[in-house]
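Subject: Structure handover

Hello,

Please find the structure below. My notes on it follow.

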Amino acid sequence: MNKIKNTLFSNIPVTIDKNSLIMAIESSCDETACAIVKGGREVLANVVASQIKIHEEYGGVIPEIAAREHLEAINVVIDEAFKQAGVNGSDISAFAGTVGPGLVGCLLVGLNATKSLALAYDKPFIGVNHLNAHIAANFIDTNLEPPFIALLVSGGHTQIIKVASYSDMEIIGETIDDAVGEAYDKVARLIGLPYPGGPKLDKLAQEGNPFAFKLPEAKVGDFDFSFSGLKTAVLRLVKSFDGKEMPVNDICASFQECVSSTLVKKVRKALEEYGYSQVVLAGGVAANSEIRKKIFALENDGYKAYAPIMKYCTDNASMVAASAILFDNTFDDIDVEVFSRA
Ligand code: KG4
Ligand code: ZN
């Protein structure tokens, strides 16, 4: 990401530190969110307007509709955040907004609102990377400090990241095709669940037998993933029940077992290879019951595991504020642009 000194605001005697109050805005996909966070760890306001109900009838996010909905919601979530925290614009140390990756039309709405607030209140502006923000969700209400291995699992990304320090992050593995959330949503659609299918599939899986069907684990690089073959295997399995009653819960549980064991096996390998003792789960799919269970089971082997509480797993602005202080903590020029892909 473009990180340059904020020339427009260079006369402002503001430094960002552990006591700074950040107002952040997130609008990269289908949630319009605003939050106010102190020191990157203490949430004073967390407001999220979700569009899931609107996109449900189309079976996925329609970018143009999402951008229009962000426009409708943006001022409302900002006002509500100020009200919840009991502060006003002049109390804020800096305004932070997601610059990408995400849907360009959606990002523009939130980022322009963030820049306008910074200009109106004469405060610095910080552009935040959405993926850093998902990882930073783990700093909220904890004393977590790097180094750690992060497993980032969302609708668009699946990565293992070595976080050596706040300024030294390296992607050591990622998916070569579908992201985990994408695989969940596609498999959910195959078995007739409405969008977004991930959380619904997770619920059914908890009622099924995870060892009912042996599904294939992709053979790819050390820390890389591939989920498209697994998706095809589930499709074949579903078709094999043509006309007969399908054991939906068992299929969901077997899929969930295959995904979660593959993910956590590679995370363990990364912990061992790099000699790290802390592991951090991040992204929308961090809400998944079985992946959380397996990540926390690593504590039985002496590792310390972290995962955000549910409301900070899926898209929210508190994680953006946390990242603005801890990862993306340099002021940006006001002309920083949004980007769609990492
Ligand atoms: O991080 P996120 O809110 O948006 C992106 O940045 O992509 O993640 C959304 C993804 C969706 O694919 C959704 O189905 C999935 O997270 N998800 C889940 C669960 N909760 C959300 N997948 C599996 N199990 C869950 N419990
Ligand atoms: Zn996200």
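Domain bounds here come from an automatic or database domain assignment. On that basis the chain is divided into domain 1 (3-141 + 314-326) and domain 2 (148-308).

This is a predicted model: local features need pLDDT of at least 70, side-chain atom pairs count only at pLDDT 80 or more, and totals for chains, interfaces and linings use all residues. Residues are numbered from 1 along each chain as its sequence is written, chains are lettered from A and ligands numbered from 1 in the order in which they are written, and side-chain values use heavy atoms, with hydrogens and water left out.

The centres of domain 1 and domain 2, taken over C-alpha atoms, are separated by 28 Å. Domain 1 brings 18 residues to the contact and domain 2 brings 20 residues, where contact means heavy atoms within 4.5 Å.

About 1500 Å² is buried between domain 1 and domain 2, and carbon and sulfur atoms give 69% of that area. Buried area is the accessible area (1.4 Å probe) that two parts lose on being put together, summed over both. Within domain 1, the most area is lost to domain 2 by L131, I135 and N138, together 38% of what that side buries.

Regards
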